[in-house]
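I opened the notebook to record a few look-ups in one structure. The entries follow in the order I made them.

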Amino acid sequence: ERVGRAYWVSPRKLEVIGWGVAPPGPAPAASNHRVLTILCVGRLGRHKGQEWLLKVYRQARPQFVCPTRLVLVGRDEDGGGVIRSQVQAFGLEQEVTVTGEVSDEELAEWYSRSDLFTLFSRYEAFGLSFFEAMSWGVPVLTHDVGANRELLARGSVVVPRFDGAAAVGELVRLVNDSEYRQRLGREGREYALAGFTWSAVAEKYLRVYQGSS
């Protein structure tokens with residue numbers, strides 16, 4: 001809409017094409033893990049909201065019906081020290097893992113082993129990690145910033161921006177209701193693989209160029 005207004009471009013000449021994710025592995029089977037894994041992937045710094053996520057996790061965990069662990073994956077951008085200090089201060093060393101930056105292979109392994117993905121960034125233009133998680137069949141919990149509500153049409157729960165009560169409530173529901181969580185995971189995988197793999201993105205570009213020739 002902004003491009004159209006700024007450059008006086010007809011809507012008929014505008015096409016929105018998303019980013020693509022690498023092909024995932026097979027869809028994970030229903031989890032029989034004794035410990036449910038909640039994954040967050042993003043640079044360790046204020047922008048990606050891991051400190052706020054820790055607060056949400058701490059408030060939600062007394063209501064969980066099963067053991068959980070929270071895994072924070074991402075390169076340290078001056079936020080790792082604060083996050084690790086908070087984990088220690090709250091006595092969560094046995095539940096919260098801060099991995100730092102990992103290889104592509106290790107990241108794929110984390111996606112394949114996770115039951116839920118959550119990220120509360122201050123802003124997201126196109127949250128690639130959301131689609132990476134969904135392509136593995138992992139449902140997403142996030143909030144309404146940037147393009148999240150527009151893009152995350154299926155397989156995701158999008159709460160109001162930095163609404164702590166809503167985030168806690170949805171996290172509890174997603175942890176405790178395995179049927180709901182797994183259904184969202186299946187929907188998200190179907191959605192991501194249909195429109196957000198590199199092959200799907202390439203097909204969209206081809207249609208645009210061939211249609212304008």
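Predicted model: local features only at pLDDT ≥ 70, side-chain atom pairs only at ≥ 80, totals over all residues.

**Entry 1, a serine in a loop.** I looked up S121 and found it in the loop between β4 (116-118) and α5; helices (H or I, at least four residues) and strands (E, at least two) are DSSP runs, numbered from the N terminus. S121 is buried, with a relative accessible area of 1% (buried is under 20%, exposed over 50%, partly exposed in between, with a 1.4 Å probe and protein chains only). I then listed what S121 touches: leaving out residues up to four places away in sequence, the list is H47, K48, H143, V145 and F162 (contact means heavy atoms within 4.5 Å).

Residues are numbered from 1 along each chain as its sequence is written, and side-chain values use heavy atoms, with hydrogens and water left out.

I took helix α2 (residues 50-60) against helix α7 (residues 164-176) and read an angle of about 60°, with the axes 9 Å apart. That makes α2 oblique to α7 (under 35 degrees is roughly parallel, over 145 roughly antiparallel, 65 to 115 roughly perpendicular, the rest oblique). Axes are lines fitted to C-alpha atoms, for helices over the stretch in contact, and angles run from 0 to 180 degrees between N-to-C directions. From α2, the residues W52, V56, Y57, Q59 and A60 meet G164, A167, V168, L171 and V172 of α7.

I next checked α2 against helix α3 (residues 80-89): their axes come within 10 Å and cross at roughly 15°. The two helices, α2 and α3, are therefore roughly parallel to each other. On the α2 side the contact is made by Q50, E51 and L54, and on the α3 side by V82, I83, Q86 and V87.

I found 11 aromatic pairs in the structure (rings of Phe, Tyr and Trp, the last by its six-membered ring, with centres within 6.5 Å; planes under 30 degrees apart are stacked, over 60 edge-to-face, the rest tilted). One of them is F131 with Y191, a tilted pair at 6.3 Å centre to centre and 40° between the planes. This pair links distant parts of the chain, with F131 in helix α5 (residues 128-135) and Y191 in helix α8 (residues 178-195), 60 residues apart. Both F131 and Y191 are buried. F126, F131, Y191 and F196 form one aromatic cluster.
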